[in-house]
Amino acid sequence: MLLYILKRIVYVTPVALGVSIFCFLLVHLAPGDPLTAIMPVDATAAQQAEMRAAYGFDKPLPIQYGIWLWKVFHGDLGNSIATGRPVLSEVSRAVGNSFILASVATLIGFTFGTFFGFVAGYFRDSVLDKIASAVAVLGVSVPHYWLGIVMVIIFSATLGWLPPTGAGPDGSGNWRPDPEHLRYIILPAITMSVIPMGIISRTVRALVADILAQEFVQALRAKGLSEWGVFKHVVTNAAPTALAVMGLQLGYLLGGSILIETVFAWPGTGFLLNAAIFQRDLPLLQGTILVLAMFFVMLNLVVDVLQTTLDPRIQRG
Amino acid sequence: MLRITKAAGLLIAALTITTGQTFTSKAFAAGTLRIGMTASDIPLTTGQTDQGGEGMRFMGYTVYDGLVNWDLSSSDKPSDLTPGLASSYGVDPADANKTRWIFKLREGVKFHDGSEFTAEAVVWNFDKLLKNDAPQFDQRQSAQGRSRIPAVGTYKAIDKYTLEIVTKTPDATLPYQLAWIMMSSPAQWEKLGKNWDAFAKEPSGTGPWKLTLFVPRERAEMVPNPDYWDKARVPKLDKLVLLPLPEANARVAALRAGQVDWIEAPAPDAVESLKKANFQLVVNSYPHNWTWHLSRAPGSPWNDIRVRKAANLAIDRDGMKELLSGLMIPAEGFFPPGHQWFGKPTFKLKYDPAEAKKLLAEAGYGPNKPLVVKTLISASGSGQMSPLPMNEFIQQNLAEVGIKVEFDVVDWNQMINIWRAGALDPASKGDHAINFSYFIQDPFTGLVRHLQCDLKAPKGTNWGHYCDPEMDKLIDEVKNTFDPKEQILVLQKVHEKYVNDALFLMVTHDTNARALSPKVKGFVQAKNWFQDFSPITVDK
């Protein structure tokens, strides 16, 4: 197993390098000029040239990439052009906020998704199945951006129950899981949880239905095993696939959502990316994308290892 | 599993608490004004702000002052310059070159950290922007400030309260340029280890507000400066809170939910519902315009004044106003009606399709020879209002008189680069116009930069490569007229030429709309990009 884990880590290295090249080049392909964010629009050509040199944008792209990668290896993602603040601190703060939001959304989405999936799978073609499936389809189909706006209209603008924007009464600086701060997270977390809930629900339903139809379940029941015992077998058999799907969904959630975080002004990675894109803040954009991409790479590694631990047969060559 | 159960318990507890307590019942200190800005971040706090006009509005003229300020005290009269940290200023009468200016500084003014404002502090601030090898030189502030003061040549402190500035050439618009330059505290910068990042968290200016909390991208809080030198502008509020809410619907929701008391730029389609819900919609004219900047490159159809006038007469500006729920001021010139530099242009921007068709026929265009023009537009952008429906409206108007318009739609950031590059640059794709909204608050941004021969892009921002010796002569006259009242008359002549020669397709001006809670009282919306928050109160 240790050898397998080491092998997987070695495989991750070229992927990570490829991701870094992709992150760097992708933002340079977009039209626009990063200096727009920091200079008045009528700055003269000479002033623009001076600023371009000051930020190193006058150098050829491969050299810019080399300098950037060297700094990344030393834990320096550079400074945001728009704010002047270190990208690492900007991204760390945003990742922390997205993590908080994603954790609550995960709790909601995974709990209800798994529950609905099991109910639908166990009671296939019943009314319960139809209700659970309808909820799942709705979750996958409804645009969460729209759902967020509707929830804001109902619960904030009309009823005045929940705050529509922000991470807390005094920002996210001193976030803690007390009721005052949790009130701010409810709407974005529910909005964010809807899609994973739908996907997990459908996946679990299919898995449970498939496992229940297999001969070994009939054999277990014929042997007189209790339904609880059978259930445990179903869970064990469904877990690897469900885990893979959950891992992917967790990655999406932790990566933040540009739309949801913008609608709710939640200061996470999605909100940060949105600002960076509009300001053409290349270092911030590169740094954020790199951190998120590396997160996905690492998450996939963890899921692979976890899957292999649960079921050694699926160990990759 | 135990952790999950705990978290679920917390969530349920929060939901339970929430249902029993409305959000609006949250108690805030009396007199706290919470503003939802359109910016996605708190503007730069070190002195020279970023984020354009909004940055100066919220972080410039609040925490800081310039030597010269804008008078923001009236919503009726045009907003003009007023002495700021310099109590008086003018060109030295003894200087035949008219380049030496003397500024008498206000005595007894203190920065928020308690240090004194002196002429040395002004020199230090200019070095911060202009002298690359100065210890306090700040690239970020320099990027914002250097281009604002092109006239400044040398500067020195003559004594503690007297400053000398020598301009590169005679330039009577210097005071307008200086109204951009905010004064940061040298003592505070020293105290914080000569570090601008540290200064950003604990800034110190001379302005009516002191920054007390700064959470990047989320929140800034200010309290009044009771020792502010202009007693009429000591804030009445207890606290001013700034929240970046770039998404228009999120701003409206925050206002409706009572999370903020004031939002910038409400979406036009939310205006009616906000009014019905008793929110105040505050509008006023200000120096902004929304135009098509016309290419004067060889072969451009806009080189013919008859075509330019025809297009200006073909626009149904009142119809467009309906389209925008009333949130626009139909253009009567390049400046909004009533502006101090408007003058008395003879060409009237009325809606007259018949006259437009006649002029086009005279220019050789008609049903058998339609005029085809290509225009660069963006789908969004700062100050661009609602560019897609507005441009489609214009396209329809122009089609009705025989001008067929084709659009090149580009990203806003890319559009800025194309605008900087100029009409002759390949990036402009040979297009005949660019739809660009303008900040037109001072003589340079308002008039000079668009049409001076020397400023043809990419050297300057004369995108269309217009060049007329007569216009250059008028601009020179502006720069050489040192009496402010006389200067206004010359600026009026420039504007009259803008309109009479139909140098732009002049369409509309934004209304500077903002929506306020009924609790907000005392706001005087000046005809300016910047505003004064000092007279405002918020009912409990």
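**Stop 1: a disulfide.** Select B:Cys453 and B:Cys467: a disulfide joins the two, with the sulfurs 1.9 Å apart. A disulfide here is a pair of cysteine sulfur atoms within 2.5 Å, and that rule gives a count of one over all chains. The pair links distant parts of the chain, 14 residues apart, with both B:Cys453 and B:Cys467 in the loop between H15 and H16 of chain B. Helices (H or I, at least four residues) and strands (E, at least two) are DSSP runs, numbered from the N terminus.

Before going on, some housekeeping. This is a predicted model, where local features need pLDDT of at least 70 and side-chain atom pairs count only at pLDDT 80 or more, while totals for chains, interfaces and linings use all residues. Residues are numbered from 1 along each chain as its sequence is written, chains are lettered from A and ligands numbered from 1 in the order in which they are written, and side-chain values use heavy atoms, leaving out hydrogens and water.

Back to the sulfurs: which hand does the disulfide of B:Cys453 and B:Cys467 have? The torsion about the S-S bond is about 100°, so the disulfide is right-handed. B:Cys453 is buried, at 15% relative accessible area, and B:Cys467 is partly exposed, at 41%. (Buried means under 20% relative accessible area, exposed over 50%, partly exposed in between, with a 1.4 Å probe and protein chains only.)

**Stop 2: the second largest pocket.** Next, select A:Thr44, B:Pro150, B:Ala151, B:Lys168 and B:Phe444, which lie nearest the centre of the second largest pocket among its 33 lining residues. On a 1 Å grid over the protein atoms alone, a pocket is an open set of points with protein on both sides within 12 Å along at least five of seven lines, a cavity is a set where a 1.4 Å probe fits but cannot get out, and lining residues have an atom within 4 Å of a point. The volume of this pocket is about 770 Å³; grid points are joined across faces, edges and corners, and a volume is the space filled by probe spheres set on them.

Colour H2 (45–54) of chain A, then S6 (152–159), H15 (443–451) and H16 (469–479) of chain B: each supplies at least two lining residues. H15(B) gives the most, with four.

**Stop 3: the largest cavity.** Select A:Thr165, A:Gly166, B:Arg219, B:Leu243 and B:Gln259, the residues nearest the centre of the largest cavity, which is lined by 20 residues. About 220 Å³ of space lies inside this cavity. The count of cavities of 30 Å³ or more is seven.

**Stop 4: two sheets in chain B.** In cartoon view, look for the open sheet of seven strands, in the order S8-S9-S10-S1-S11-S19-S12, with mixed pairing. Two strands pair if DSSP finds at least two bridges between them. The edges are S8 (209–215) and S12 (280–282), each pairing on one side only. Zoom in on S11 (residues 262–264) and S19 (residues 514–516), which run antiparallel and are joined by three bridges. There, B:Trp262 stands opposite B:Leu516.

Finally, find the open sheet of four strands, ordered S4-S5-S7-S6 with antiparallel pairing. Its edge strands are S4 (86–91) and S6. Five bridges join S5 (residues 100–105) to S7 (residues 162–167), and B:Phe103 stands opposite B:Leu163.
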